Amino acid sequence: MTPVIKVSMLSKTFGARRVLDQIGFEVAPGERVALIGPSGAGKSTLLRQLVGLSHPDRGSPARVEVLGRALSRAGRVRRGSRAERLRTGYIFQQFNLAGRLNVLTNVLIGRLGAMPRMRALCGWFCADERRMALDALARVGIDHLAGQRANTLSGGQMQRVAIARALVQDAELILADEPIASLDPRAAREVMEILERVSREDGRTLLVSLHQVDYARRHCERAIALKDGRLYFDGPIGELTDDRLESLYDNLALDAIGVERDARRRALDVPGGMLGATG
């Protein structure tokens, strides 16, 4: 089976600081992988490498392949075609929506790369594309908000719009950079449930960076952990023990990184529980 992501000997340096140091791993089709580690470990830098927003150190032996396409060789980014770039969806922590446009139009933006250039430049969307966008909004539970301006939504609703945009893009690989970092607990849980569901139902590969380790354990099947720019752990989520986590986060209290040890608190974390309003 050809890996969806294949990274080897990846290093990235900013000034005198090496942010990524000889990173290597593979991700198989349909896997749900959590990317974890302390702040500054290199998670966002790694995700930017995988979408071609950054390049490895020049002259390095690094190789980054995504969906069978080499994104970089010898430290240089290879820019792919529009069709190739469409196969990867990127979900940002801060949503990256056009606030003055309505929800439906923000979702339709995901189709621009697949449209003829003239239609894309003019923003002319056909009836089939609009139906596709409404179907995607229905899958994430906010089709009733299609006509509402994006800047009037809650954070959880904005992140659902971003997921719907990746769905209409028909992305085979979804990269999500701290998608729940700014959400309340209930909205965070719902967003992660949606990401897990679309991955399971559609066979889409998911690589999501998270600070909240409990969400990684609950919704992903594998974890890749970075520490000081190096690969610290890569394996099944069940092998991500509390001892390993304490070492990863330099003995930081587990509750500070979202590891619940109290069964009563876990029991409350259910739909309709005591976690606040839906986001």
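Modeller: Start with pairing: two strands pair if DSSP finds at least two bridges between them. The model is predicted, so keep that in mind throughout.

Biologist: What makes β10 and β11 a pair, and in which sense do they run?

Modeller: Strand β10, residues 222–227, and β11 are joined by 6 bridges. The cut-off is at least two. So they count as paired, and the sense is antiparallel. Within this pair, Arg-222 is opposite Pro-236 of β11.

Biologist: How do you know that β3 pairs with β9 and with β10?

Modeller: By the same test. β3 and β9 share 4 bridges and run parallel. β3 and β10 also have 4 bridges, again in the parallel sense. Val-33 faces Leu-207 in β9, and Ala-34 faces Ala-223 in β10.

Biologist: Why is the pairing of the sheet called mixed?

Modeller: Strands of a sheet can pair either parallel or antiparallel. Here β3 and β9 run parallel, while β10 and β11 are antiparallel. The sheet is open, has 6 strands, and its order is β7-β8-β9-β3-β10-β11.

Biologist: What makes β7 and β11 edge strands?

Modeller: Each has a single partner strand, so one side of each lacks a neighbour in the sheet. β7 covers residues 88–91 and β11 covers 230–236. On average, neighbouring strands of this sheet are turned by 15° against each other, direction ignored.

Biologist: Which strands does helix α1 lie across?

Modeller: Helix α1, residues 43–50, lies across β3, β7, β8, β9 and β10. Its angle to β8 is about 150°.

Biologist: Why is β3 called largely enclosed?

Modeller: Buried means under 20% relative accessible area. In β3, 5 of the 5 residues are buried, so the rest of the structure largely encloses this strand. Both faces are covered. Arg-32, Ala-34 and Ile-36 are on one side, with Val-33 and Leu-35 on the other.

Biologist: Now the charges. Why is the contact of Glu-201 with Arg-139 called a salt bridge?

Modeller: The cut-off is 4 Å from nitrogen to carboxyl oxygen. Glu-201 and Arg-139 come to 2.8 Å, N to O. That is within the limit, so the label holds.

Biologist: What does this pair tie together?

Modeller: Glu-201 is in helix α7, residues 185–202, and Arg-139 is in helix α5, residues 127–139, so the bridge ties parts that are 62 residues apart in sequence. Both residues also belong to a salt-bridge network with Asp-170, Asp-202 and Arg-204.

Biologist: Are Glu-201 and Arg-139 exposed or partly exposed?

Modeller: Exposed means over 50%. Glu-201 has 52%, so it is exposed. Arg-139 has 27%, so it is partly exposed.

Biologist: What makes Glu-193 and Arg-189 a salt bridge?

Modeller: Their closest N and O atoms are 3.6 Å apart, and the limit is 4 Å. They are 4 residues apart in helix α7, which means about one helical turn between them. Glu-193 is partly exposed at 34%. Arg-189, at 3%, is buried.

Biologist: How do you know that Asp-242 and Arg-217 qualify?

Modeller: Their closest N and O atoms are 2.8 Å apart, against the cut-off of 4 Å. This pair links distant parts of the chain: Asp-242 in helix α9, residues 242–248, and Arg-217 in helix α8, residues 213–219, 25 residues apart. Asp-242 is partly exposed at 24%, and so is Arg-217 at 28%.

Biologist: How many salt bridges are there by this rule?

Modeller: The count is 18.

Biologist: How many disulfides does a search of the whole structure find?

Modeller: The search gives 0. As for cysteines, Cys-126 is partly exposed at 31%, and Cys-220 is buried at 5%.

Biologist: Where is pLDDT below 50?

Modeller: The stretches include residues 262–268 and residues 270–279. Beyond near neighbours in sequence, residues 262–268 have 7 contacts in the model. Residues 270–279 have 24 contacts beyond four places in sequence. Where pLDDT is low, predicted coordinates should not be read in detail. The chain averages 88, and 90% of the residues score at least 70.

Methods
Residues are numbered from 1 along each chain as its sequence is written. This is a predicted model: local features need pLDDT of at least 70, side-chain atom pairs count only at pLDDT 80 or more; totals for chains, interfaces and linings use all residues. Side-chain values use heavy atoms; hydrogens and water are left out. A salt bridge is a side-chain nitrogen of Lys or Arg within 4 Å of a carboxyl oxygen of Asp or Glu. Helices (H or I, at least four residues) and strands (E, at least two) are DSSP runs, numbered from the N terminus. Buried means under 20% relative accessible area, exposed over 50%, partly exposed in between (1.4 Å probe, protein chains only). Axes are lines fitted to C-alpha atoms, for helices over the stretch in contact, and angles run from 0 to 180 degrees between N-to-C directions. Contact means heavy atoms within 4.5 Å. pLDDT is the predictor's confidence in each residue, from 0 to 100. A disulfide is a pair of cysteine sulfur atoms within 2.5 Å.
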